[in-house]
Amino acid sequence: MASEKASRVEVSHADGSSSTSGSAGNLSKRASTDNRAHPLLTPKASNASVGSVGSRNEVDGQVGSSLGINAFPSLTQDVDQKPTSKSFQSLNFTEDLERQQSLRGNVTISWKDLQVDLVVEQGCVGRLRGEPAPEPKPILKNVCGVVNPGWLVAVMGASGAGKTTLLNALCGRTPGTMTVSGFLNINNTLVMPDDIKRISAYVQQQDLAFATLTVREHLKFQALLRMDTRLTPEQRMVKVEEVITELGLQKCSNNRIGNPTGVRGISGGELKRLSFASEVLMDPPLLFVDEPTSGLDSFMAQSVVSSLQDMARQGRTIICTIHQPPSEVFSMFNRLLLLAEGRTAFYGPRNDALGYFRSLGHACPENFNPADHYIYTLAIIPQQEAESKTRVQKFTDEYQRLEESRQQEEMAIAKPKYVDVDIKAAMELHGESLWTQMKLVMWRTWLTTAREPTLTRVRFMQTLFIGVFVGLIFLQVQEGQKSVQNLNGVIFFIVIQTSFGTIFPVIQVFPEEKHIFLRDADNHMYQTWIYMLTKTLADIPFQMVLPLLFLAVTYFMIGLNPLADRFFLLYVILLMTGLAAQSIGYLISAAVPSVAVGLAVTPPLVIPFMLFGGLFLNSDDIPDYFIWLEYISWIKYSFEASMVNEWVGKSISGCGQSNTTAMSAFTTAVPGLDENVTSTMVAPTQGNATMCMQRRCFATGEEVLDFYSLKQDHVAQDIFILLGLTVGIRVIAYLILELILWKRNRHTK
């Protein structure tokens, strides 16, 4: 058993002064048998600068020794002080990298009176009626706790207890729809949640990585963008190899990561260890892990938690949410935090929880997994809500009573002075240059784009198949009046094929990739505009090759205008059409939460642009209230330019000067037309064809363009408008991503 600690503790303040606290009372005795079982997990004593929290790293005294309850150290604030909207204060503990590295292995995080509320949005009807805004819904209620270096803490509770919310609040990732208040401390220093990001890492429950990258490529990208900028690339690669070895990823280091939708890759356990490796590269002293065993079998779960245990033994502070772990996995944790209905039901050494539950009349049965017993006892059981809530309240009230009793026994500690920190300046101090960000993101984007099956092989096969199929249908269209309808139809189809062939591949890939971008943005790895720009640049080669491949197959099979300049002009038109349509795909993908939603909303959004494309509805007949749709329809500009490219300067046979010749051509073009109808149609005049004949018989290509109200001199204008739509729509997609980031990161309290 550890020796009794000194009765006086020195506390360092922001202004350099110090004070001492009196006797710690019954907190001076260590009673944790858990730490004796795991000597490597026993935290080292902190130096004086750590203050009251760090100086009691070895103190696990009990309040109410008969219950075996672990009392954790002071949380640096007066007992009667209440959190306000400005409760989170900050001290610039990240002013230089040396200070950050000095915190390695010696970070104590503590929180007091942590309150998280969900803001309920008021509907439009309620605002119009002048109804009061709904009250916020509490998720966490005055939660307290402390975690010292070398501790591996399991945060457990039934579904909806607030486990992930607590983790997000501690590491500064609470959604903007929630308000956070309370006191958050690092080594006796009050900080903002954003400050913690500088010395911590967060392993999310969902493992996010590009499926087509290898394990080594993924870690290389993370190392070059997130590690200390003073390290050379060679030194960073050495660290990558060390982490690969440390976490047992050597065998799969050159394998692609893969995904469940078709790209074969590494196993689930290897993927989880890869998530740890991505964060361990930064050598963080503080690690948050959300549900590391989800979706894994018992063996892989034990392997993953064993990796966490090894990292804790190296002096890291690790907080981990976990849901119903097997008994072997549960025994690897040395501290346990139980939440119920947003309140703390127990916090202390894992083994002490058995005595605590026994003292409240809920002893764990023999040969029963304690983790399952705790969760079942604190769960709200359907059809037994009243009884369950009474039981939960008994546990939470008892723990609160013991905690208040412990606080009253401690001496009041002087409050440290508050110093604001410029988070943006701290980020820039440790961030890579824009040019480095551009190079690395471009490298990753090119690899993922070139290897993505949906964006490469499938698109090439689709382009070849449809090109041959269309070429066979419209094989060598013969000149004459029949050719007008056929050529107009195939030109419109080519425009639609180019559009849909670029929209849907983006919809099928980008919404999933967006989650990886949002995680990278949370880690401040690169700028949003760099991400959008590299996506555009990486896809340009494919946008240039695919239209050329399609035209090389279909153009001469169909028998379009044989002039060489017309072929290359049509290629330029289709190139710009593909870029504009791809922008629509990015816009939709940025706004939707998933691939399924994107595929569902794309057709109804795109079809109106087809209707105003110029083939189905004449431009002169569009209603005034829908004219704006024609102006933003990229299909209209592409169809107009393609039609002008095909028809200008072209003569059409089969349309003579007399009505008889014209009618003969018309009846030939419209088989089965009744002779009485045709005679009636030509009866009114002899010198000229009737209005119907003027619309059905074309002597030149210019007449075809006039019939569709297409302007012959708008080709260059149409191409520049397509370019403008490409840029403008992508800017809107970029702004949507920025809006999403702002909503994720904003804190209302």
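Contact here means heavy atoms within 4.5 Å. The model is a predicted one. By that rule, and leaving aside residues up to four places away in sequence, I494 touches F550, L560 and L574. I494 is part of helix α18 (residues 481-522). I494 counts as buried because its relative accessibility is 3%, and buried means under 20%. Between I494 and F639 there are 145 residues in sequence, yet their C-alpha atoms are 9.1 Å apart in space.

The largest nonpolar core has 91 residues, and I109, W111, L166 and F288 touch the most other members. Helix α10 (residues 298-313) gives the most to this core, with 7 residues. A second, separate core contains 55 residues, including I588, I652, V704 and L725. In the case of F288, the residues touched include I109, L167, L170, C171 and I319, with residues up to four places away in sequence not counted.

Aromatic pairs come to 26. One of them, F357 with Y374, is tilted, at 4.6 Å centre to centre and 35° between the planes. This pair links distant parts of the chain, 17 residues apart: F357 lies in helix α12 (residues 352-359) and Y374 in helix α13 (residues 370-378). Both F357 and Y374 are buried. Elsewhere, ring pairs join F221, F510, F517, Y526, Y531 and Y586 into a cluster.

| Charged residue | Ring | Distance from ring centre |
|---|---|---|
| K220 | W443 | 5.0 Å |
| R335 | W151 | 4.0 Å |

Note on methods: Residues are numbered from 1 along each chain as its sequence is written. This is a predicted model: local features need pLDDT of at least 70, side-chain atom pairs count only at pLDDT 80 or more; totals for chains, interfaces and linings use all residues. Side-chain values use heavy atoms; hydrogens and water are left out. A nonpolar core is a set of buried Ala, Val, Leu, Ile, Met, Phe, Trp, Tyr and Cys residues joined through side-chain atoms within 4.5 Å. Buried means under 20% relative accessible area, exposed over 50%, partly exposed in between (1.4 Å probe, protein chains only). Helices (H or I, at least four residues) and strands (E, at least two) are DSSP runs, numbered from the N terminus. Rings of Phe, Tyr and Trp (its six-membered ring) pair if their centres lie within 6.5 Å; planes under 30 degrees apart count as stacked, over 60 as edge-to-face and the rest as tilted. A charge sits over a ring if NZ of Lys or CZ of Arg is within 6 Å of the ring centre and within 35 degrees of the ring normal.
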